[in-house]
Amino acid sequence: MDEMLNEMEAVEEIQYIVVKLGDEQYGIDISNVDNIVRMQRITRVPKSQPYYVGVINLRGEVVPIMSLRKRFDLEIDVYKAATRIIIIRLEDQSLIGFIVDEVKEVVNIDPRTIEKPNFKLDEKNASYLAGIGKKGESLISLLDIKAVVEEKKAV
């Protein structure tokens, strides 16, 4: 009987890819990730939002590339050997790439340990955050990919 209760209480951990932007760690739900590629030549697209740096050709498909640093109003991108593009597959099956400083690791996080921030956050940046995950002593800001990609409509 106790074994059945333990099995019912077992919660499926969620896998996140931990990436770095500056000194901060962010988690991206691995179920959203299609691919991770090295930095490559990006073709600029005129008149796009400032955080879209352009497009790349990935296996014959044109993929828009977003600078997460620009999206989060951080200092400008400096591309290094560890810089990567995380390719995300959206719900409509289209692809988008996020430039990150470094891909650290894949971690499993128990959803019961994820906390919503209970402090006042800047309205725009708060919407990008799905929660704060704890892994050992580390805190990882978990991104809400849909919110990062979507444009907020001015009311």
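Modeller: Happy to. Two strands count as paired if DSSP finds at least two bridges between them. Please keep in mind that this is a predicted model.

Five strands make up an open sheet, and reading across it gives the order E3-E6-E7-E5-E4, with mixed pairing. Strand E3 (33-38) and strand E4 (52-58) are its edge strands, each with pairing on one side only. On average, neighbouring strands of this sheet are turned by 30 degrees against each other, direction ignored. In general, strands of a sheet pair through backbone hydrogen bonds, in either a parallel or an antiparallel way.

E4 and strand E5 (residues 61-67) run antiparallel and are joined by six bridges. To find your place there, pick Val-55, whose bridge partner in E5 is Pro-64. The loop between E4 and E5 holds Arg-59. Arg-59 is not a glycine, yet its phi is positive, at about 50 degrees. With a relative accessible area of 62%, Arg-59 is exposed, because the cut-off for that class is over 50%.

Next, step to strand E6 (residues 84-89), where you will find Arg-84. This arginine is buried and has no salt bridge. Glu-102, the nearest side chain of opposite charge, is 9.0 Å away from Arg-84, whereas a salt bridge needs a side-chain nitrogen and a carboxyl oxygen within 4 Å. What does the side chain of Arg-84 reach at 2.9 Å? The backbone oxygen of Ala-81. Leaving aside residues up to four places away in sequence, Arg-84 touches Ile-36, Val-37, Arg-38, Phe-98, Ile-99, Val-100 and Val-103.

One more pair of strands is worth a visit. Strand E9 (residues 129-135) and strand E10 (residues 138-143) pair in the antiparallel sense, with six bridges between them. Gly-131 has Leu-142 in E10 as its bridge partner. E9 and E10 form a hairpin with two residues between them. In that turn, Gly-136 has a positive phi of about 65 degrees.

Definitions and conventions
Residues are numbered from 1 along each chain as its sequence is written. This is a predicted model: local features need pLDDT of at least 70, side-chain atom pairs count only at pLDDT 80 or more; totals for chains, interfaces and linings use all residues. Side-chain values use heavy atoms; hydrogens and water are left out. Helices (H or I, at least four residues) and strands (E, at least two) are DSSP runs, numbered from the N terminus. Buried means under 20% relative accessible area, exposed over 50%, partly exposed in between (1.4 Å probe, protein chains only). Lys and Arg count as positive and Asp and Glu as negative; His and the chain ends are not counted. A polar contact is a pair of N or O atoms within 3.5 Å; within protein, one must be able to donate a hydrogen and the other to accept it, and residues adjacent in sequence count only if both atoms are side-chain atoms. Contact means heavy atoms within 4.5 Å. Axes are lines fitted to C-alpha atoms, for helices over the stretch in contact, and angles run from 0 to 180 degrees between N-to-C directions.
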